[in-house]
Amino acid sequence: DRDVDGYIRFLNRGNPIAQNYVQVGYDEDSPNVLWEVSAQREEKDIYTITYTATIKDGYHGFPMSDIFAAPYFEIEGAELLGDVFEPLTPVENGIDDFTGEPAYIYRDRAVYTQRVRAKAGSLLNCYVNATICANDTNCCTSNIVEFLLKLP
């Protein structure tokens with residue numbers, strides 16, 4: 001394969017490993033979203049894990065405030081410190097049929113961060129399950145990625 005990046009993604013598909021950065025998604029288990037995940041050290045044994053979702057055109061994802069479709073993040077090998085934080089502001093998208101309240105979505109990109117405590121060099125087993133819906137039909141799919149992330 002002359003596409004080196006594509007070939008590396010293919011080789012790493014089962015359990016991609018990176019020093020502090022990994023790309024997963026755009027495959028059969030997660031066709032509508034590409035996750036770029038990185039770990040940055042804040043202080044001794046404290047890291048921020050950043051999940052950046054690039055959502056395909058014609059689809060949207062959800063913020064953590066959506067109790068029905070918010071992404072679910074799991075990290076084994078580290079102690080979670082606080083809740084998931086979202087530095088971007090989702091856009092309003094009409095009224096939610098279930099709650100009667102304004103609904104919010106991410107159209108092209110979503111970012112989520114989680115602070116963790118773990119030893120430098122730890123290998124974290126990470127899991128993301130995100131609901132991604134088509135804009136025109138609201139047909140939703142569960143997009144799942146699992147990967148290993150090595151802390152710097």
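Colleague: Which residues line the largest cavity?
Modeller: A cavity is a set of points, on a 1 Å grid over the protein atoms alone, where a 1.4 Å probe fits but cannot get out, and lining residues have an atom within 4 Å of a point. By that rule the largest cavity is lined by Trp35, Ala53, Ile55, Gly61, Phe62, Ala69, Pro71, Ala110, Tyr112, Ala130, Thr131 and Ile132.

Colleague: From what pLDDT do side-chain atom pairs count in this predicted model?
Modeller: Residues are numbered from 1 along each chain as its sequence is written, and side-chain values use heavy atoms, with hydrogens and water left out. The model is predicted, and totals for chains, interfaces and linings use all residues, whereas local features need pLDDT of at least 70 and side-chain atom pairs count only at pLDDT 80 or more.

Colleague: Which strand supplies the largest share of the lining of the largest cavity?
Modeller: Strands are DSSP runs of E, at least two residues long, and helices are runs of H or I, at least four, numbered from the N terminus. Strand 3, strand 9 and strand 10 each supply at least two lining residues. The largest share, 3 residues, comes from strand 10.

Colleague: How many charged residues does that lining have?
Modeller: Asp, Glu, Lys and Arg count as charged; Ala, Val, Leu, Ile, Met, Phe, Trp, Tyr, Cys and Pro as nonpolar; the others, Gly among them, as polar. The lining of the largest cavity has 10 nonpolar and 2 polar residues, and the number of charged ones is none.

Colleague: How much space lies in the second largest pocket?
Modeller: A pocket is an open set of grid points with protein on both sides within 12 Å along at least five of seven lines. Points are joined across faces, edges and corners, and the volume is the space filled by probe spheres set on them. For the second largest pocket this comes to about 400 Å³.

Colleague: Which strand gives the most to the lining of the second largest pocket?
Modeller: Its lining has 18 residues, and His60, Phe62, Asp96, Ala103 and Asn138 are the closest to the pocket centre. Strand 7 (91–95) and strand 8 (102–105) each supply at least two lining residues. With 3 residues, the one that gives the most is strand 8.

Colleague: Is Thr48 buried or exposed?
Modeller: Thr48 is found in strand 3 (residues 46–55). Beyond its neighbours within four places in sequence, Thr48 is in contact (heavy atoms within 4.5 Å) with Ser38, Ala39, Gln40, Glu42, Thr113, Gln114 and Arg115. Buried means under 20% relative accessible area, exposed over 50%, partly exposed in between, with a 1.4 Å probe and protein chains only. At 16%, Thr48 is therefore buried.

Colleague: What distance separates the C-alpha atoms of Asn20 and Pro152?
Modeller: Asn20 sits in the loop between helix 1 (4–12) and strand 1 and is partly exposed, with a relative accessible area of 31%. Although Asn20 and Pro152 are 132 residues apart along the chain, their C-alpha atoms are separated by 5.8 Å.
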